Amino acid sequence: MSISANSQNLELDKKRHSMAHLLAAAVYQMFPETQFGVGPVIENGFYYDFILPRTLIPEDLPLIEGKMKEMMKQKLVFKRQEIDIDDAIAMFTNLNQLLKVELLQDLKTKGTTSLSQEEKEDLGVDEMDSVKTPTITLYRLEDEETGQDYFVDLCKGPHVEHVRELRGVGLKLDKFSGSYWRGDQDRNIQMQRVYGLALEDREELKKFINLREEAKKRDHRVLNETVGYYTISELVGSGLPLLQPKLAMVKNLLETYLWQINNKRGSVRVWTPHIAKSDLYKTSGHWDKFGDELLKVQGQYDDFCMKPMNCPHHMQIFADNQWSYRDMPVRFFEPATVYRDEKPGQLSGLTRVRSITQDDGHLFCRLDQIQQEALTVVDIINEFYEAIGMSEGYWVRLSASDLNNPEAYLGTPEQWEWAEDQLLQACQSAGFEYKRVEGEAAFYGPKLDFMFRDSLGREWQLATIQCDFNLPERFDLSYINEEGEKERPVVIHRAISGSFERFLGVFIEHTAGWFPFWLAPTQVKILTINNEEATVEYVEKVKAILDGVVLMKPLKYNELRYEVDDRNESLGKKIKEASNMKIPAMMIIGPKDMEAGQVSIRLKDGEERVKLEELKGYLEGLV
C-alpha cells in the first residue's frame, strides 16, 4: 500500500514554524539588542539561533517559555508581506539586524547557491538565478487591534493566522547549545541556539518526554558501562570498537543466521581482502565519491586503500568467470568490514564508526529478474526481522529518478523505467506500505530502503535493496544472452542488517539489552543457594541435561549457553548481578529444589518450577 503525505504533519509543522517566531519575539523582549540568525522547523519542534548580550543559563528557558505563553493569550496575528530585496536590505539595516542583511546581500549578488536550505526558508525564496531581483517574503507578528509590531522576520512561511491557534500545542523549551553563524567555525561568529519541542498536544509532549527519558536509560553507550559490550581504546583509535565476548557472540550468531537464510535461497559465500590497490576504487568511482574519507595505505611497491565498500571486489570475482543467461542470477554473500575515515566529532558508540561490518550481498541478474530477486531479498528481510522481533509496522521508501533530469543518471531511460517498475511491483506483491520518492535515487540506480521502528517508536533505516547500472559498466561485466551475444548484467546491492555495528547499537536500545533467548550471550545462569556437597552434585546433574539441549530455531544447531554462579554470596546479590547482565533465564538451585527433583527458573516476567525430566523440553521451547 502506498503512503501519501500526511496533512496533519504539515499543519503541525506550520505551528512549529510559528512557534520559532514566537520564541524569537520572546527573546527580543528580554534582550532588545539581540541579533537574529535563522529558526527552522526540525523533527519534534524547532530552534532559533541568536547573538545575545550574555550567555544563557538553564533558568532562562522557563522565563522565555513563560513569555511565549503570555503572548499566546494576547490578540496577536501573523501578517504576510512581500517586499523588494533592496527594500528588505534597507529595512533590516535600519533594524540593525546585520546577519539578516548579510543573507539578503548574498542572495542579491550570488543567488540561492550561496545559501543553506535553512537560510532559503528563512529568506522565503526557492531556487532562482542570481541575476534576477527576487521578491522577499516577510512575516510580522503584530497586535491585531493596534498594529504594533512584536517581531518581523524573513520567512516563506506558512504560519498560523492567530497565536490563539498555538494554545493547545504541547510546548517546552528544551535546551540550548552553542553554534556558529552559517556553520562557519573559521569566522568565529558564535551564537546561542535555543531548541523547542512542539507536539500535537500536552499529552503527546508528556509521552515524548517520557520516551526520551526511557531512551536515555536504553542508550547502548550507557548500558555498555554496566554490561560491557565493547571497548573504545585510545591506542586503537576512536570509531574502532573492540567487541567484548558477549557482543562478539551476538554478532557471530547473527552472522551465522544471516548466512543460513541467504544460503537456502541460493547465495554462495565469497571472501575478499581488507585492502586493494587504489586503481580498483578509481575504476569503481569510490575514489572520487569518498575522497578524504578513504584510508590510504602506502605500500613498498603499490598504493593501497582500506576498502570503503565490498562491491568493487565482488565485481572482480564475477568478471573472472564465464557466465551464460542460464547461470543468472549469481548471488554473492560476504559479511566483511569496510573502513571510512569519519570525522572524530561524528563518531558515536557503535552507531557511527570507522570500521563498518556489512552483511553484504551482490546479486548479478538479468533485467527481467529484478522483481523476483527483490522479492527474494524481501523474504530474507521478513524472516530476519521477525526472528529478532522488529518486523511489525515497517515501511519502504522507493527512491526513484527525477523524470525531468534524466541526464543525471547512468543507464538508459528504458532501463530505469523497467527497474523502477520492477521494484514497484515487488512492493505491491509483498504487500507492505511503501512511499515512492522522486529524485532520491542514486545516480547508478533506483533503490528500496526499509524503515523499521524500535520499541520506543523511533525510525531506523536498516535493510536496503539497490539496483546498479554503474558498476557493470565501469568494470565491463557481461554474460552471454540467449542470442549468444554479450549483455550487461544488473547488479543488486542488498544488506539485511545494514552494518552489524550500527544494527547492534539499535538492537541493544530496542531490547534494553534483553536479547531474545536464542541470541542472548548467556542464556541461562545457574544460581546456587549454598555450596554443600549435595548441591555441587545436583548442579552437575543439571549441567548434564543442559549440555544436551540444542535449540533448532530460528538458528539451527544452537547449543545452550550457560554459566554457573556458585560463589558464597547471597541469592539476592546473585540475582541482581545476573539481571544487570540481562540474562534471560536464572536457574535457582537450593535444598528444596533438590528434594523435589526440580529447578526454579526465574524469567523476566515471572518464575516457575520445572522437573528435571521436563527441563530439556522446557528450555528448547523458550525460543
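Reader: How many residues lie between β29 and β30 in the hairpin that they form?

Author: The model is predicted, with local features needing pLDDT of at least 70, side-chain atom pairs pLDDT 80 or more, and totals for chains, interfaces and linings using all residues. Residues are numbered from 1 along each chain as its sequence is written, and side-chain values use heavy atoms, without hydrogens and water. Strands are DSSP runs (E, at least two residues), numbered from the N terminus. The hairpin of β29 and β30 has 2 residues between its strands.

Reader: In which sense do β29 and β30 pair?

Author: Two strands pair if DSSP finds at least two bridges between them. Here β29 (residues 598-603) and β30 (residues 606-611) are antiparallel, over 6 bridges. Within this pair, V599 faces V610 of β30.

Reader: In what order do the 3 strands of the open sheet stand?

Author: The order is β12-β14-β13, with antiparallel pairing. Because β12 (275-277) and β13 (296-298) each have a single partner strand, they are the edges, and one side of each lacks a neighbour in the sheet. From one strand to the next the twist averages 35° (axes are lines fitted to C-alpha atoms, and angles run from 0 to 180 degrees between N-to-C directions). Between β12 and β14 (residues 303-306) there are 3 bridges, and A276 is opposite C305 in β14.

Reader: Where does E485 lie?

Author: E485 is in the loop between β21 (479-480) and β22 (486-487).

Note on methods. Helices (H or I, at least four residues) and strands (E, at least two) are DSSP runs, numbered from the N terminus.
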